[in-house]
Amino acid sequence: MSFSTTLTVNGVTRTIELDDPRVTLLDLLRERLHLTGTKKGCDRGQCGACTIIVDGRRINSCLALAISHDGADVQTIEGVARGDRLHPVQEAFIAHDGMQCGFCTPGQIMSAIGLIEEGQAGDDPERVREGMSGNLCRCGAYQGITEAVLEAQKFLGTAHQRKVA
Ligand code: FES
Ligand code: FES
């Protein structure tokens with residue numbers, strides 16, 4: 001028996017045939033669409049390495065069944081830069097050394113983008129840490145990550161205000 005799911009991934013709509021209803025969004029992205037920027041860390045919802053944005057919300061793609069998200073809009077790390085121009089969150093991670101091995105970094109960046117879009121964190125480092133707490137970094141780049149999120153948030157908030165004015 002085969003199943004199909006239609007997703008818009010980074011602006012491109014694709015219909016993918018699946019032979020197993022248990023295929024996760026993470027495996028679909030990595031193995032069927034070859035978007036390997038989204039990482040598989042624990043594969044059980046504990047590390048955040050697989051974080052993507054689906055219909056505007058951050059999720060762990062290792063816990064999401066692809067067929068449950070038929071019609072969804074999916075954003076992955078491959079879709080955040082604009083050509084050669086990095087996303088402000090990516091730039092801030094580089095500027096603040098928010099990474100060491102880099103394995104958790106795509107998930108951290110997607111989570112940071114989601115957190116900023118949710119407008120929950122304000123300029124409070126403690127709230128940023130709490131908002132990013134689902135994303136583990138085993139090599140301990142947390143200080144840089146928090147500084148990067150705060151800076152990107154300030155930049156994006158100002159850009160948003162400029163657009164509204
Ligand atoms: S791989 Fe999904 S939370 Fe760890
Ligand atoms: S940069 Fe190494 S686990 Fe995060």
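This briefing walks you through a hairpin, some helix residues and the salt bridges of the structure above. Keep in mind that the model is predicted. As background, side chains of opposite charge can pair when their charged atoms come close.

**The hairpin**
- Strands E1 (residues 3-9) and E2 (residues 12-18) run antiparallel and are joined by 7 bridges.
- If you start at Thr-5, you will find its bridge partner, Ile-16, in E2.
- The hairpin has 2 residues between its strands, and Asn-10 in the turn has a positive phi of about 50°.

**A salt-bridge network**
- Asp-27, Lys-40 and Asp-43 are linked in a network of salt bridges.
- Asp-27 and Lys-40 meet at 2.9 Å, N to O; Asp-27 sits in helix H1 (residues 25-32), while Lys-40 is in the loop between H1 and strand E3 (51-54).
- Lys-40 also pairs with Asp-43, where the closest N and O atoms are 3.7 Å apart.
- Asp-27 is buried because its relative accessible area, 18%, is under 20%, whereas Lys-40 is partly exposed at 31% and Asp-43 is partly exposed at 37%.

**A link between a strand and a helix**
- Arg-58 and Glu-118 form a salt bridge of 2.9 Å, N to O.
- Arg-58 belongs to strand E4 (residues 57-60) and Glu-118 to helix H3 (residues 105-118), so this pair ties together parts 60 residues apart in sequence.

- Helix H2 (residues 88-95) has several buried residues, among them Val-89 and Phe-93, and Asp-97, with a positive phi near 55°, follows H2.
- Gly-157 lies in helix H5 (residues 142-164) and is partly exposed at 28% relative accessibility.

Key: Residues are numbered from 1 along each chain as its sequence is written. Chains are lettered from A and ligands numbered from 1 in the order in which they are written. This is a predicted model: local features need pLDDT of at least 70, side-chain atom pairs count only at pLDDT 80 or more; totals for chains, interfaces and linings use all residues. Side-chain values use heavy atoms; hydrogens and water are left out. Two strands pair if DSSP finds at least two bridges between them. Helices (H or I, at least four residues) and strands (E, at least two) are DSSP runs, numbered from the N terminus. Buried means under 20% relative accessible area, exposed over 50%, partly exposed in between (1.4 Å probe, protein chains only). A salt bridge is a side-chain nitrogen of Lys or Arg within 4 Å of a carboxyl oxygen of Asp or Glu.
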